[in-house]
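Let's take a friendly walk through a protein model, one question at a time. Keep the viewer open as you read.

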Amino acid sequence: MIAASILAASAAPALAHSGPDVHGAFAAGFAHPFSGADHALAMIATGVWAASLGGRALWQLPLAFITIMVAGFLLAHAGMALPFVEPVILASVVAIGLLAALALPVPVRGAAALVGLFALFHGHAHGAELGSSAGYAVGFVAATALLLAAGSALVQAGGRLLRRAPHPIARGAGAAAALGGLWLALAG
């Protein structure tokens, strides 16, 4: 199991950093969110936070993330620059992770607005780094949806497995994401 995990982790960056001409636009777009821990952690943390908030947040936070991420992608292709893209992406991991870890009762609209703000920068990075085709965009949107769902499913399944409210699982997963974001910020 450990050897398979190491092998899978070592293979992902090679696929993720190959251009669309090597693996196709969809595959390159799908691989991109997995190519950096900052992107993957932010998306998983958003799913975790959505599950911890529950109710409408379960669909509104992921919808806000994906919709505004696509807007950021389009901004990059229109040639509009955003300042501090990478620092904001790192901040998103820490902030969303902390919000999930602290289980703060944030109104859904406020949570969706914050997630959307961060998603704008994630989308801009996706658009600026590699792809320009519709297939690439569909690929990274699909991967993003998968990561958002994984974060939510982790909390919901963990809560059912432990036969308790999902908040302890959300708190732990949020704290792990926030610490991962801090580690990435300090390592970079």
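Q: How many helices and strands does the protein chain have?
A: This is a predicted model, so please read every value here as computed from it. From the N terminus on, the elements run α-α-α-α-α-α-α-α-α. The count for the protein chain is 9 helices and 0 strands.

Q: What percentage of contacts between residues at least 6 apart in sequence join residues at least 24 apart?
A: For some background, the protein chain has 188 residues, and 44% of them count as buried. Among contacts between residues at least 6 apart in sequence, the share that joins residues at least 24 apart is 83%.

Q: Does the span of helix α6 agree or disagree with what its 18 residues should give, and what is the distance between its end C-alpha atoms?
A: Helix α6 covers residues 85–102, and at 1.5 Å a residue it should span 26 Å. The model agrees with that, since the end C-alpha atoms of α6 are apart by 26 Å.

Q: Which helices are included in what covers the buried residues of α6?
A: Start with the buried residues of α6, among them Val 85, Val 88, Ile 89, Ser 92, Val 93 and Val 94. Further along α6, Ile 96, Gly 97, Leu 99, Ala 100 and Ala 101 are buried too. The cover over these residues includes α4, α7 and α9.

Q: Are α6 and α9 roughly parallel or roughly antiparallel?
A: The two helices pack at an angle of about 155°, with their axes 7 Å apart. Angles over 145 degrees count as roughly antiparallel. That makes the arrangement of α6 and α9 roughly antiparallel.

Q: How many nonpolar residues are in the contact of α6 with α9?
A: α6 passes α9 in a left-handed crossing. On the α6 side the contact includes Leu 90, Val 93, Val 94 and Gly 97, and on the α9 side it includes Ala 170, Arg 171, Gly 174 and Ala 175. By class, the contact has 1 charged residue, 3 polar and, to give the number you asked for, nonpolar residues numbering 14.

Q: Is the crossing of α4 and α7 left-handed or right-handed?
A: Helix α4 (residues 37–53) packs against helix α7 (residues 108–129) at an angle of about 160°, and their axes are 11 Å apart. The two helices are therefore roughly antiparallel to each other. Their crossing is left-handed.

Q: How many charged residues are in the contact of α4 with α7?
A: From α4, the contact includes Asp 38, His 39, Ala 42, Met 43 and Trp 49. From α7, it includes Ala 111, Leu 114, Val 115, His 122 and His 126. Sorted by class, there are 8 nonpolar and 4 polar residues, and the number of charged residues is 1.

Q: Which residues are in contact with His 39, leaving aside its neighbours within four places in sequence?
A: His 39 lies in helix α4. Its relative accessible area is 4%, so His 39 is buried. Leaving aside neighbours within four places in sequence, the residues in contact with His 39 are His 32, Pro 33, Ile 89, His 122, Ala 125 and His 126.

Q: How far apart in space are Ser 92 and Ala 42, C-alpha to C-alpha?
A: Ser 92 has its place in helix α6, and it is buried, with a relative accessible area of 0%. Beyond its neighbours within four places in sequence, Ser 92 is in contact with Ala 42, Gly 97, Phe 118 and His 122. Ser 92 and Ala 42 are 50 residues apart in sequence, yet in space their C-alpha atoms are apart by 6.1 Å.

Q: How far apart in space are Gly 158 and Ile 169, C-alpha to C-alpha?
A: Gly 158 lies in helix α8 (residues 134–162), and at a relative accessible area of 13% it is buried. Leaving aside neighbours within four places in sequence, Gly 158 is in contact with Ala 153 and Ile 169. Gly 158 and Ile 169 are 11 residues apart in sequence, and the C-alpha distance is 6.3 Å.

Q: Is Phe 84 buried or exposed?
A: Phe 84 is found in the loop between α5 (57–77) and α6. Its phi is positive, near 55°, in a residue other than glycine. With 61% relative accessibility, Phe 84 counts as exposed.

Q: What is the relative accessibility of Ala 103?
A: Ala 103 follows α6 and is found in the loop between α6 and α7. Although not a glycine, Ala 103 has a positive phi of about 50°. Ala 103 counts as partly exposed, with a relative accessibility of 24%.

How values were computed:
Residues are numbered from 1 along each chain as its sequence is written. This is a predicted model: local features need pLDDT of at least 70, side-chain atom pairs count only at pLDDT 80 or more; totals for chains, interfaces and linings use all residues. Side-chain values use heavy atoms; hydrogens and water are left out. Axes are lines fitted to C-alpha atoms, for helices over the stretch in contact, and angles run from 0 to 180 degrees between N-to-C directions. Helices (H or I, at least four residues) and strands (E, at least two) are DSSP runs, numbered from the N terminus. Angles under 35 degrees count as roughly parallel, over 145 as roughly antiparallel, 65 to 115 as roughly perpendicular and the rest as oblique. A crossing is left-handed if the near helix is turned anticlockwise from the far one by less than a right angle, and right-handed if clockwise. Contact means heavy atoms within 4.5 Å. Ala, Val, Leu, Ile, Met, Phe, Trp, Tyr, Cys and Pro count as nonpolar, Asp, Glu, Lys and Arg as charged, and the others, Gly among them, as polar. The expected span of a helix is 1.5 Å times one less than its number of residues. Buried means under 20% relative accessible area, exposed over 50%, partly exposed in between (1.4 Å probe, protein chains only).
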